[in-house]
Amino acid sequence: MTTTPISQTEIWRRLADHATAIEGATLAQLFADDPGRAASLTVEAAGLHVDFSKNRMTVETRDLLVELAATADVAGRRDAMFAGARINTTEDRSVLHTALRRPKGDSLIVEGVDVVADVHRVLDKMAAFSDEVRRGRWVGATGRPIEAVVNIGIGGSDLGPAMAYRALRPHSDRDRTFRFVSNIDPTDLHEALVDLDPATTMFIVVSKTFGTIETLTNARSARAWLTGALGEEAVAKHFVAVSTSAERVAEFGIDTTNMFEFWDWVGGRYSVPSAVGLSLMLAIGPDGFHRFLAGMREMDEHFLSAPPERNLPMLMGLLGVWYTNFFAAQSTAVLPYADHLSRFPAYLQQLDMESNGKGVDREGRTVIVDSGPIVWGEPGTNGQHAFYQLIHQGTRLIPADFIGFSHATDPIGAHHDLLMANLFAQTEALAFGQDHDDPQRRFTGNRPTTTILGDRLDPEALGRLIALYEHKVFTMGTIWGINSFDQFGVELGKVLAVAIEPELAGDGDLDHDGSTNALIRWYRANRLG
């Protein structure tokens, strides 16, 4: 059934009129007109305190956006996703990353299979393996326990576990080294291995098909490093796999009993709660990993049950559409005031931009409004001494999410109070600005922010944050009519690279465009010099 593009609906037109009507209203004026604004536009749920009041919106805006969500049937599509419907229509797949965090004993039957039972079978296998390694009972080829774990993957097979390990390092096993290799640049692998002992190093190779060229190239080089020191027979004791392809895993030389399964309904950017998170479980332990899943589940349940006007992911997604389509915002900044979340903005770049970076809707039509904002950011307070100048006084509107916690992970004196004082001060300055006779020192304010606060950065909190943004991205994609769960845009360059790679070491004729031919010839002439 053909649907009307959302931008051609009556509610979209009403939102456009409303945006024009409030365009001149400043945040200072909105707060002055409504003394209860902070309370009415703050939502406390699922372990988070989220203040939306410093956004360029009113209660009327919120209500119109909620009507937009109803018109796009966000709730219906959400329910279909959780139920296992094949909402990834371009690949004819279910989208069941939420099943990865459902509790043991729960059940979800999809096409005759209880996917929750399958998930917990793998989680139990991961837990047993993690306990063996963490207690020193899993030994390498020389009989020594594992002291270093190197995760080899790319995309979601790297960004998820690497980000989560960095975020939860205070909860991790500090007696072991954990490293993450993704880049095909040989420097990445070299630096990961340069000070490790092959006899005490384990590799986790993460690739759904076990055919990802970057991952397999790095894995083969790691294998050569290991076997050069310990011999071929060492592979089975030092390599494990996270994959769906037992045949290719066996061809590599990994014992398939040491293969951890996941499924085609787990997209890479949604995969950290699956076996892709094995390195994280090794670091924080099975109990910590289950706490991480519990935090995700808490947000899932909130997204499923809360009314739209109090639904955190839905409101964040609606605001994303509001700024992208009615204020022409091209990017959004994610600014965690927690150094352990330093990789969180990069993680969200993939989550958001790979999901909603689409120009065609689910029915194959050109999307006629902007979609998929650019996502970027760095931790505070470092960013304040770098790009905040542009957010405060630049010509572009950049909505920003500020993330902070009431308790420090590593308390030292008054450091955490100063950190949080900066977070609160920045949102105040962005909202209300400062008048000054000198235009160079004038801050116009009216720069929108959302403040997300939690108690402390622990496994549950990280799980809540990840699920919050997953469902935000889902909401935005649903409103735009986009399939947020394929990623064909990553394929073409990889296909071309496979064709070009053998040409770099040759001297034959080239059949590319003039620029690419010239670049390849330059590289040929200089690669051995």
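This is a predicted model: local features need pLDDT of at least 70, side-chain atom pairs count only at pLDDT 80 or more; totals for chains, interfaces and linings use all residues.
Visitor: How many aromatic pairs does the count come to?

Guide: The count comes to 24 aromatic pairs. One of them is Tyr165 with Phe178.

Visitor: Why is the pair of Tyr165 and Phe178 called tilted?

Guide: Start with the distance. The ring centres are 5.3 Å apart, and rings pair if their centres lie within 6.5 Å. Now the angle. The planes stand 40° apart. Under 30 degrees would be stacked, and over 60 would be edge-to-face.

Visitor: What makes the pair of Trp376 and Phe387 edge-to-face?

Guide: Again, look at the angle. The planes of Trp376 and Phe387 are 75° apart, and over 60 degrees counts as edge-to-face. The centres are 4.8 Å apart, against a limit of 6.5 Å. Trp376 sits in strand 11, while Phe387 is in the loop between strand 11 and helix 15.

Visitor: Why does Phe387 count as buried?

Guide: Phe387 has 18% relative accessibility. Buried means under 20%. Phe387 therefore counts as buried.

Visitor: How do you know that Lys237 lies over the face of Trp138?

Guide: Lys237 is at 4.7 Å from the ring centre of Trp138, and the cut-off is 6 Å. A second condition asks for a position within 35 degrees of the ring normal. Lys125 lies over the face of Phe260 too, at 5.1 Å from the ring centre.

Visitor: What makes strand 13 mostly covered?

Guide: Six of its six residues are buried. Thr449, Thr451 and Leu453 are on one side of strand 13, with Thr450, Ile452 and Gly454 on the other. Both faces are covered.

Visitor: How do you know that strand 13 pairs with strand 12?

Guide: Pairing needs at least two bridges. Strands 12 and 13 have six, in the parallel sense. Phe405 stands opposite Gly454 there.

Visitor: How many bridges join strand 2 to strand 13?

Guide: Three bridges join them, and these two strands run antiparallel. Asp51 has Thr451 as its bridge partner.

Visitor: Which elements make a right-handed β-α-β unit?

Guide: Strand 12, helix 16 and strand 13 make this unit.

Notes. Residues are numbered from 1 along each chain as its sequence is written. Side-chain values use heavy atoms; hydrogens and water are left out. Buried means under 20% relative accessible area, exposed over 50%, partly exposed in between (1.4 Å probe, protein chains only). Helices (H or I, at least four residues) and strands (E, at least two) are DSSP runs, numbered from the N terminus. A crossover is right-handed if, with the strands pointing away from the viewer, the path from the first strand over the helix to the second runs clockwise. Rings of Phe, Tyr and Trp (its six-membered ring) pair if their centres lie within 6.5 Å; planes under 30 degrees apart count as stacked, over 60 as edge-to-face and the rest as tilted.
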